Amino acid sequence: MRNALRLPLFVAVAVALGATGVVTSFESATNPSRLPSGLAVSMNAESTALYCTGVSAHPGRHGRVSFYNTSTASRRLSVSVVSDTGHTFATSIELAGHASQSIEPSVVDQGNNFAVAVQVSGGGVVGEEIGGSLTTEVPCAAAGVTHWYATGFNTLVGSSAYLSVYNPTATSAVLNVSIYTAAGFSAPQSYQGLSVPAHAQREIDLGTEVVNTANVGVGVTVLRGSIVAVGVQSANNVVSLDAGVASATSETWFPLVTTAQGATAQIRVANPNHQRANVTLDVALGTYHVVPQTLSLAPFSSGLINVTPNSAIPAAGYANLTLHSNVPVVSALATGTKTWIALSSPVTPGNAFLVNDFTDVGFGAATVTNTSSRPITVDVSSYLSSTLQVVRDVGAIKLTGGQTESLFLTIPSFSITPSETYLVSSATPSMVVSLTLPTRPPGVYVVAPLDGR
Amino acid sequence: MDSRAPAVVAVIVTTGSGPGLEAAAASLAAQNYEELSLLVVANGDALQVPERVAAVAPNAFVRLLDENRGFGAACNEAALMVDGSAFFLFCHDDVRLEPDAVQLMVEAAYRANAGVVTPKVVAYEDPLVLLHVGQTSDRFGVVRERVVLGEIDHGQQDLERDVFVAPGGVTLVRADLFSTLRGFDPLITLFGEDLDLCWRAQVAGARIVVAPLAKVAHRETLATGERPVTALGTRRASRQDLHRRHQLLVVASGWGRRTTVWTLMMLFVLDVFEVALALVGRDTDRAGAIVNSWRWLIKQRRRVRRRRRQIHGLRVLSDAELRRLQVGGASRLKQFLLTLLREGYDRARGILPAEGLAEPLAEPLAEPAEAGAGFAAAFAEDEEFDEIAESDLLELRARPSRLMTSFRAQAAVVAVVGVLWLIGSRNLVAMHLPLIGRLAPLDSWWTTWRHFFASWSSNGVGTGTPGMPGYGVLGFAGTFVFGRMGVLPRVVLIFAVPLGAYGMGRLLKDRVSNRARLIGAVAYAAMPVGFNMISQGRVDVLIVVASLPFIVRRIFELMEVPGFRLRPYGESVPFGHRGWRTTHAGVRMELIMLIATVTALAPATLVVVALVIVGVALARVFEPDPSHDFRGPGRFLGSLVANVAIFLLPLSIDVILAGRRALEVFGLARGPWSVPSFTLLLRDADGTFGVSWWGWLLPVAALFALALCRGERRLIASKALAIAAVTLVLTALASRHWLGSFSPDLDVMLTLYAVMLALLIGLGIGALEHDLRDAGFGWRQFAAGLSVVTLVIASLPFLASFASGRFDLPTTSVAESLSALAPSSAGGFRVLWLGDPSVLPLPGWSVAPGLEAATSMNGLPGGATLFSPPDSGTSDVIMEALQSAMAGRTVRLGQLLAPAGISTIVVMNSSAPELAGVQHVPLHHAPNVLLNALNNQSDLALELHTQSVEVFSNSLFHGIVAATSPGSTKLVPIFSSSSFSGALTSGSTVVAGLAPAGAFALSVNGRATPRTTFNTWTPFYQVASSTTPPTGTIVLHQFPLNGLIALFTLGMWGIVWLGFGWIHRLEWLFTGRRRRVQAPRPVEETLDA
């Protein structure tokens, strides 16, 4: 064989193998944790579940759970209520299309605190947990988590804080609870290896181990199974529910932070890392130029940045805060007055949020924020509860990178007391909807919007 | 009368004491050549030369020089003194010529039109011992003898022929040539002047011949150190120094510009290697000589340039033509490696010419190998290998260092490897086989046959598809072990790789030597894929490992790959008659049956067959074979596939019924995050073996081998290369799911790759033996050396793998640790196995990339679930439920799986638990999305969580067969796990998790009950109210179509087997008498047979 004939085969093989090697090595395969569809619960689901925990029966702070059917078809809800005393109650609800219904656990079951598990025959049903005399609300969870973080709890005199943990699966959950305070880290013995039986609810009173302490951060690691957790903060009989987050993040948005006179607003941060966290808080407030606020946190500790009152920040309505950190941290917004605080965790950016006035008191403010640096278009639709008509477009908002717009101002039909349910959606998951209840001083009750699914 | 003989002037150069001067002069004076004059040049401090010469040759002229300027300069001086001479005969003063030597040399010069003539040189003391019969040289100026040390002159060298170098002592040079060449180079005082003169003579186009009938005895007093070196400019220089520097001078100026650069670069590398070696051996003289030679060359660079210009002016032969006159390769390196191979490092180190060519007697053991045979000689088997000296070959062949050329040596290697293999597999003989891979315990011989004929199998939620033909193969194989089915997997584990190695030897047969076959076979046995498949319990792939070389060989034969069909096919013989087997149709049918047998056990074999055919066709596009009659690879492949499909009719029907899952018959998609990377694929590694850098050695050796092959071997190698490349590309793409659901079993693909690598290695050894000698020194030599080195090093991990005695097959498995999977409630149950296809202990269906689902009934997998039909049928309900859970569309997976009687879900991340210090098992994680989904189900309870496995129990499990009490909707298990019969409750509703629903009926007290499905896949039976306690049995009511298909398939196999001459042989059964006298066969037929 002449050499001239060898070359093409060698070249062809070398090129083929080289190209294959490069192409296959170019994309590193990872084991996916979620399927590409992304949504936790799709509209065409065969069955879905909603888990709400931390509903109290205490006088003056008793709560309820409300459900809303975003689909046009009716859904059958198998509701199971379990209390801290072990009592259970089961019922079923037929929820018509675009209809909503509430259930008060303290009415149907016995106990002090309750968890509600709802199995839905299909998808598209959302739930909201409302408590504290209609002053706080958090969305119900659709699935358990294996890690859970929250921060900002107070166990000072006159305050109480506890975690309400519900086990949504048939597996007994085992979990460890870690505490981050300004003094550092602790893992109390009594908080290690905690067991929550299948489909049971349990409270973990932070005050029993962390006495008279402000700004307590909590990290929950589930060793076995999964849980749904809600933090319940009570201060001077003002109850707030904190949905917490499943993971720490390096960037967080708080678009509606009050700077009103008489109000208190703090960004409370916990650092669950081995490294020191250097936190920067960018404050956008009207036309004012506010110097970024900074905070340095030792590993496994907590700290806070005062926003209101703060001599560097004028009292000029709602501030739009963006928190940056060199390492992932857990943050929460603590609002209130001089005598009490209410906690709310940041909203994770998504591409669909549902706005429903479950409390029937309306909203003090409602904004939509573009958390990305690129412009997006936000579509706003509404569900007509009176009919089974499908969604009706009511407007579109174009947002530049980092811009925040008021729904009141841009959506003509969006009133302070909306009677309809609104779906705010965008093409990319880089949007946050923020809501506050109408209060005086304004913005002390922050409400988390529902996941639009 | 005036003589017509041309005038010859003999020049004797004498120095110092000149111990043989008188004898030399006397022998010249006694020549029978008439026109011979004698001129003696006394070089420097010669003592009483005129008197000594006069005493024996009174007519001689004597010229006295003031100083010793060396042999060459003295000869030049003598040439200036003479005019009109036709030849010069330059002689040392320690030679003794036979009386007719000059005459014979002159005759030879005229006969061959030679410019330089050299005589046969014998030892001074013993004229029967040969010293020189001319010499050869390599491109680096290393001179090699054409005789071995101490070779006795039997006349075996008495053939007048061309040589490259006329060794000093007695040299006849044509006067005009000498003048043209401007004589000897005065820069070369001693050692190397003969090489230099001859090199330039060759460049100038002159022939140099040896006249072996002219006999001269040479005492070699200078070379042996009998006399000191006293020439000018040689003070402080040893013989080795002089030799090295003059050799370098010749090389630096003797080639054309480009060749010089390339040659000097290679020489520099070799010298660096030699210096390092010398320093290691504390041989500072040699190291110094080499270093000084380069320094000297740099110092003489102007002279070198001048010489180059002079030689360029003389040039008649090109560099390429000059190379053809020389011996190939690097003689010194060859010699070193050869001796290293034969006699160890110390001897090899000594072989490097400590005293150079000028002192051959100082290193007597070096001489035998200085035959110019080259490094490749060690691998040569054919007699024509050494074109330089046949006697060398004879010598080499007689030496035991000719590795593995004798039958005894090869048999010993086979025996050693065999014993090592038995030692390495010692624990496989009796150890408990873990439930991993395809090592599920086989059912009895009878039950295995029943699976083949069965109308229903328990795979998934049950299926009525035809029985997999693999059961038929297993049943047939079980016959040979007298039904002891447990023996079969052990036999495969222990003997598959050796059988495959034997097949590799058969594949290489007639293409390369037995030694190359042996090395190729051992290389195949050493491929990681075999070990990995043993350690993973993949007996299906091991069967491919054992049989693929045989399949490839037959495909190559039928595709007329050069060298694979040495004899024509037999003459056309009717089907069933003797001799049909050797016809083209018979050979093809043999191949089809072999492929069908292996495909029944590992369907991806069919893909591999296609790749072989495509690879051969592809290679022919780039490198067409010289002549072959084969046409239409597509048609060939099509006919193979069609025939195999007929032989595996039940499986073919399953594939047709499978629809979108049809391609999954070849293998299930593994998780891209757990498949081997491309670099691991190149190393043929999918497991614990071959992942270290050692794994590169065999592919690298194959690559080198590929580079060495020429001629027919080259054509075969190009096919192997194309097949290997196509295989790798397809494997890499399939492992990334870029080919859709087509994801052939990765390990079967790697087996083909291993076959091609081993084939290349075998061919490469053949190339070392045959092809390398045609090539000059260059990259091929390096490739050859590296190839051998890598093969040797690659054998080390091969040995290390024998340590465990079971090739790292785990001693326990994850599945077995879950033997207590039975639910607390009574009744039959299923276990749903989930995980990467590479870790599950039973076959199933693909849910998503990296996720296979399979079920076993009433516990662990067994003989009933060895094969899974590609048609998932009703079992899709399980896959759909899992997909719903993973997509977040359900939180009631337990409820969805409960009708199938699934009590437990086992998610496996590895086939066996990791036990530190005992067993290491790679983790192939199941998709995280699956685990997240299972954790979010409201009706599944996590029972066990380890690194290797997660087990969930189904809180809504109600048994495979359950019943509701009258007035209640709660299902409770009924019947036992061992049978589908038992007591029932009057008026109850029975539900059975058995598919297809239409195939089953519930017989209550001997009467069938009405059945409905309520639009589900499960049958519901309403038990009538009665006063007597009802007893029910679920029975299968299905036409035995599967049995008929299996019977038809079996009959077809039998008929075709009879076609291989057995119909002819068994004819007497039908005629009633044995044919005693066989009809005489036509002469032509007999001859063909």
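Predicted model: local features only at pLDDT ≥ 70, side-chain atom pairs only at ≥ 80, totals over all residues.

Me: How many residues apart in sequence are the parts tied together by the salt bridge of Asp162(B) and Arg207(B)?
Reply: The side chains of Asp162(B) and Arg207(B) meet at 2.6 Å, N to O. Asp162(B) is partly exposed at a relative accessible area of 41%, and Arg207(B) is also partly exposed, at 36%. Because Asp162(B) belongs to strand 10 and Arg207(B) to strand 12 of chain B, the pair ties together parts whose separation in sequence is 45 residues.

Me: Are Arg714(B) and Glu623(B), which meet in a salt bridge, buried or exposed?
Reply: Their side chains form a salt bridge of 2.8 Å, N to O. This pair links distant parts of the chain, 91 residues apart, with Arg714(B) in helix 27 and Glu623(B) in the loop between helix 22 and helix 23 of chain B. Both Arg714(B) and Glu623(B) are classed as buried.

Me: What separates Glu557(B) and Arg553(B) along helix 20 of chain B?
Reply: Glu557(B) and Arg553(B) join in a salt bridge of 3.7 Å, N to O, and Glu557(B) is buried at 10% relative accessible area, as is Arg553(B) at 15%. Since they stand four residues apart in helix 20, their separation is about one helical turn.

Me: Which residues gather in a patch of positive charge on the surface?
Reply: One of its members, Arg306(B), lies in helix 10 of chain B, residues 301–314. At 40% relative accessibility, Arg306(B) counts as partly exposed. The patch as a whole consists of Arg301(B), Arg302(B), Arg305(B), Arg306(B) and Arg309(B).

Me: Which residues does Ser884(B) touch, not counting residues up to four places away in sequence?
Reply: Ser884(B) sits in helix 30 of chain B, residues 876–886, and its relative accessibility of 12% places it among buried residues. With residues up to four places away left out, the contacts of Ser884(B) are Arg889(B) and Thr890(B).

Me: Why is helix 32 of chain B largely enclosed by the rest of the structure?
Reply: Among the buried residues of helix 32 are Val929(B), Leu930(B) and Leu931(B). The helix spans residues 928–935 and is largely enclosed because, of its eight residues, the number buried is six.

Notes:
Residues numbered from 1 in each chain as written. Chains lettered and ligands numbered in written order. Heavy atoms only, no water. Buried < 20%, exposed > 50% of the residue type's maximum accessible area, 1.4 Å probe, protein only. Helix = DSSP H or I, 4+ residues; strand = E, 2+ residues; numbered from the N terminus. Patch = residues over 30% accessible without salt bridge, like charges linked within 9 Å, V, L, I, M, F, W, Y side chains within 5 Å. Areas by Shrake-Rupley, 256 points an atom, 1.4 Å probe, with all protein chains shown as cover. Salt bridge = Lys/Arg side-chain N within 4 Å of Asp/Glu carboxyl O. Lys, Arg positive; Asp, Glu negative; His and termini not counted. Charge placed at Lys NZ, Arg CZ, Asp CG, Glu CD. Contact = heavy atoms within 4.5 Å.
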